[in-house]
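Visitor: I am new to this structure and would like to learn how to read it. Could you walk me through it, please?

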Amino acid sequence: MNLYEKLNENMKNAMRSKDKEALSTIKLLKSAIDLARINNGTRNDECSDDLVIEVASKQVKTHKESIIEFRNANRNDLADNLEKEIKIISAYLPEQLSDEELEMEVQKIFDIVKPESKKDMGKIMKEANERLKGRADFKKVSEIVNSKLGA
């Protein structure tokens, strides 16, 4: 069962159990995935795990940004709702790397790319995107890479 099928199955289960919160979050994620499929020109019966991971990662990223904004505006109720949605969406993402694992992966990328200056940032991030897609927050990756390049 691929991730898209798992998403559909979870949507049916949420309907059966009348879990409105999970159902609305899953429907939003499914809609975003379907929109991405239409934009990519893929058929209805085609939906790769990579696409699901890409869309889910974007959703989590925008939710995290919104949480910061809501907390700054003292709208903790909205921020709390988004945190619950992140937990639901995260079920469709691969296990996130710990900070130590992320450091090791970035070091491996440095060994491959062998950057000489900050001008090589693009090459590093391209390699990181291929190796770490969906498994890491690229804001953290960028911070680690910048600190290594600055050293």
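Visitor: What pattern does the protein chain follow, read along the sequence?

Guide: Helices and strands are DSSP runs, numbered from the N terminus, with at least four residues (H or I) for a helix and at least two (E) for a strand. Here the pattern reads α-α-α-α-α-α-α, that is, seven helices and zero strands. Please keep in mind that this is a predicted model, where local features need pLDDT of at least 70, side-chain atom pairs count only at pLDDT 80 or more, and totals for chains, interfaces and linings use all residues. Residues are numbered from 1 along each chain as its sequence is written, and side-chain values use heavy atoms, with hydrogens and water left out.

Visitor: What percentage of the residues of the protein chain count as buried?

Guide: Buried means under 20% relative accessible area, exposed means over 50%, and partly exposed is in between (1.4 Å probe, protein chains only). Of the 151 residues in the protein chain, 34% are buried. Asn13, found in helix α1, is an example of a partly exposed residue, at 35% relative accessible area.

Visitor: Which residues have the most contacts inside the largest nonpolar core?

Guide: In soluble globular proteins, nonpolar side chains tend to be buried together. A nonpolar core is a set of buried Ala, Val, Leu, Ile, Met, Phe, Trp, Tyr and Cys residues joined through side-chain atoms within 4.5 Å. The largest one here has 27 residues, and Leu7, Leu29, Ile33, Val52 and Val55 have the most contacts inside it. Helices α1 (3-16), α2 (20-40), α3 (49-72) and α4 (76-89) each give two or more residues to this core. A second, separate core has 15 residues, including Leu102, Ala128, Ala136 and Val145.

Visitor: What does Leu7 touch, not counting residues up to four places away in sequence?

Guide: Contact means heavy atoms within 4.5 Å. Counted that way, Leu7 touches Ile26, Leu29, Lys30, Ile33 and Tyr92.

Visitor: Now to charges. How many salt bridges are there?

Guide: Side chains of opposite charge can pair when their charged atoms come close. A salt bridge is a side-chain nitrogen of Lys or Arg within 4 Å of a carboxyl oxygen of Asp or Glu. By this rule the count is ten. One of them joins Glu83 and Arg71, at 2.9 Å from N to O. Glu83 lies in helix α4 and Arg71 in helix α3, so this pair ties together parts that are twelve residues apart in sequence. Glu83 is partly exposed at 34%, and Arg71 is partly exposed at 30%.

Visitor: Which residue forms a salt bridge with Arg131?

Guide: That is Glu105, with the closest N and O atoms 3.5 Å apart. Arg131 sits in helix α6 and Glu105 in helix α5 (residues 99-113), so parts that are 26 residues apart in sequence are tied together. Glu105 is buried, at 14% relative accessible area, whereas Arg131 is partly exposed at 30%. Elsewhere, Lys30, Asp34 and Arg37 are linked in a network of salt bridges.
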